[in-house]
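Let's take a walk through this structure together, following its side chains from one contact to the next. Keep the model open beside you as you read.

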Amino acid sequence: MSWAWLHKFGSPKWFFYWSYAWARPLFVSGLLVLVVGLIWGLAFAPEDYQQGNSVRIIYLHVPAAMLAQSCYLALGIAGLVGLVWRIKTAAIFINAMAPIGAVMAFIALVTGAIWGKTAWGAWWVWDARLTSMLVLFLLYMGIIALQNSLEEVALADKSAAVISLVGLINLPIIKYSVVWWNTLHQGATFTLTDKPAMPASMWLPLLVAVIGFYVLVVGLVLWRMQSDILWRERRTSWVKQEVTKHGVY
Amino acid sequence: MTYTSFMRAQYAVLWRSKQDVLNALLFFVIVVTLFPLGIDPSPAFLTPAAGGIVWCATVLALLMAIEGVFKEDYRDGSMEQWVVSGLSLSLLVLIKVMLQWGAVVLPLLVMTPLLGQMLFLPNDDLGVLMLTLLLGTPSIFLMGALGAALTVSLKQGAMLVMLLILPFYVPVIIFATSGLQAAQAGLPYSGFLAMLLAMSLLSLVVSPFLSAIAIKASVN
Amino acid sequence: MHFSVSLTISGLGIERSDRDLCRDLSFSVQAGEAIRILGENGAGKSSLLKVVAGVMSVQEGQIFFADQDVTLDRRLLQQTMIYIGHSTGLKERLSVAENIAFYSPHAPLDQVDQALRQLGLFHLQDVLVKSLSAGQARRVALARLWFTNASLWLLDEPFAALDASGVAMLEAHIQQHLSRGGMVLLTTHQAPCSLSVRELALVP
């Protein structure tokens, strides 16, 4: 089997030109879809018969929580790819993705707390989802802190890849240990997101919002990767040409 | 350099730096002491909380002990010699961590019955607590060593190691304290011990290998 | 014993902290040859030694040792190589004898005694390295060269902190190694007096 495509993918210059056309259209369309989903969900979707209007926060909370986990999965896979095939693009991806994932986890935490205040009457409950989201947020902050502390680029790249990979291995264990700990200590709390029957009028806008979030994040990551590539390759002739031709982004 | 000469040298260095080990143990005692002082000294609080208190103190003390474990080797250039020795870097890391584990955890286990008395832990549960420590601490050490390897090139890395590695300790702490609670409630607890052993074995597979990668990237 | 291997480096590129230290560097070291690497501060002299030793990774190019490509797997080379870096690798909390036992565990005791006498370290055997002077510590680090069968020596500033007698002793020892067909790659500020070396300039 030929791995040539992988190494082509690993060339930052090739990646820059390949992703050049994609980043901004993806970002803009993601934003549009997200706005549609949010307006639909916040203004037109029916309210919940138990929780009233407060349930509308799921249109923000659920996509952010999903993204926070997906981003970590992507980080871990990128870490593995970067370590095994020594691909520069993987490190650039981790750099670009970690802060986005952290923001998503933060949004999920804040919206979860607000929702908790209306549903449970407390800003924070040691619920399994919230707790594992808090741990996830800390994992993201660890990666970011490590990247910022190590000044040598090659070392920072490799270290971030290592810790992302460890996180990927450990995240399921952490998550299930927390879920299990939660059942041990609280008995059955009613879960908010596992509603058995959510009517289509509610899950459709949710689906739109989730898709919008995903597309938006993909576009944002590509965009961030491009600017990181330009910075890292700033001494090369192709970047100098690129910048003199198109100006600074 | 051979594996045996490496082990001898590390052992000798460890013996000459016993004060560091002692500091970690004293830190452990101080953290344990803070709980009754800060929360409640009555047996009604301390008996059920003892396992959690001992485990939190253990995790913090062990992380303090392991956080700088490679710093001196990095500074004096012997880490470069590990890399060029032609020996397996993962195995060297494992030897070093396991020696450190023996030096810190064995005295800590000896002290645990005393602290158990201070925390009003019933004697029947003491054995379970010590078993959880014995089975869980290898994982704590191995993951801590990974954090130490990742930050070895930094002058001040203790806080960063805490931030990086503490989240990974969540399952170990949960399984250990739940095991003790199960034992206190008269329920079977062998499953928890098995989980702790599994965590330690997983760390044994993952940590030396990845620590070696981190060390190789750091000595550059 | 006599060595008859050679080291060939072809098209080597070294990059460090986002900076090219050298591009397309090719040279070879034959049995019985010493090469002194020249270059300004920061030209990458130490880095070149580290790359050959396997401490730093190769960005591009290949390294051949004994007619085998060791670019990716350096173990074959490392088994018959000694690298003494700028930081010597001595453990400060160990004594002179313990450090020697750490790095050269197979050295016979009488040989150790003899070498320590020659290096003027015999009476310091049980002193911790922490309390030695820089020159004495350098001698302890270099003592490894007296107990080794390695064919390739990579020495980063081996003469630093050595006094005149130490320099002469080391030069004589290197000369002896070369006469047995050994290879030496070294960096040094002053040109060695009695040692015949080939010079290799690193230009950025």
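**Aromatic rings and charged pairs**

In chain A, Phe16(A) and Tyr20(A) both belong to helix α2 (residues 12-20), where they are 4 residues apart, about one turn of the helix. Helices here are DSSP runs of H or I with at least four residues, strands are runs of E with at least two, and both are numbered from the N terminus. Before going further, please note that this is a predicted model, in which local features need pLDDT of at least 70, side-chain atom pairs count only at pLDDT 80 or more, and totals for chains, interfaces and linings use all residues. Residues are numbered from 1 along each chain as its sequence is written, chains are lettered from A and ligands numbered from 1 in the order in which they are written, and side-chain values use heavy atoms, leaving out hydrogens and water.

Now look at the rings. Two rings of Phe, Tyr or Trp (for Trp, its six-membered ring) pair if their centres lie within 6.5 Å; planes under 30 degrees apart count as stacked, over 60 as edge-to-face and the rest as tilted. Over all chains, the count by this rule comes to 16 aromatic pairs. Phe16(A) and Tyr20(A) form one that is tilted, with 5.6 Å centre to centre and 45° between the planes. The terms mean under 20% relative accessible area for buried, over 50% for exposed and in between for partly exposed, using a 1.4 Å probe and protein chains only.

Helix α2 also reaches out to another part of chain A. Tyr17(A) and Trp238(A) make a tilted aromatic pair, 5.5 Å centre to centre and with 55° between the planes. Tyr17(A) lies in helix α2 and Trp238(A) in helix α9 (residues 237-246), so the pair ties together parts that are 221 residues apart in sequence. Trp238(A) is buried at 9% relative accessibility, while Tyr17(A) is partly exposed at 37%.

Elsewhere, Phe6(B), Phe70(B), Trp82(B), Phe102(C) and Tyr103(C) form one aromatic cluster. Lys18(B) lies over the face of Trp15(B), 4.6 Å from the ring centre, and the charged end of Arg117(C) sits over the ring of Phe122(C), 3.8 Å from its centre.

Let's turn to salt bridges. Side chains of opposite charge can pair when their charged atoms come close. Here a salt bridge is a side-chain nitrogen of Lys or Arg within 4 Å of a carboxyl oxygen of Asp or Glu, and the structure holds 14 of them over all chains. In chain A, Arg232(A) and Asp228(A) meet in one at 3.2 Å, N to O. Both lie in helix α8 (residues 200-232), 4 residues apart, and both are buried.

In chain C, Glu33(C) bridges to Arg198(C), the closest N and O atoms being 2.5 Å apart. This pair links distant parts of the chain, 165 residues apart: Glu33(C) is in the loop between β2 (19-29) and β3 (34-38), and Arg198(C) is in strand β9 (residues 198-201). Finally, Asp73(B), Asp76(B), Lys96(B) and Lys91(C) are linked in a network of salt bridges.

Key: Lys NZ or Arg CZ within 6 Å of the ring centre and 35° of its normal.
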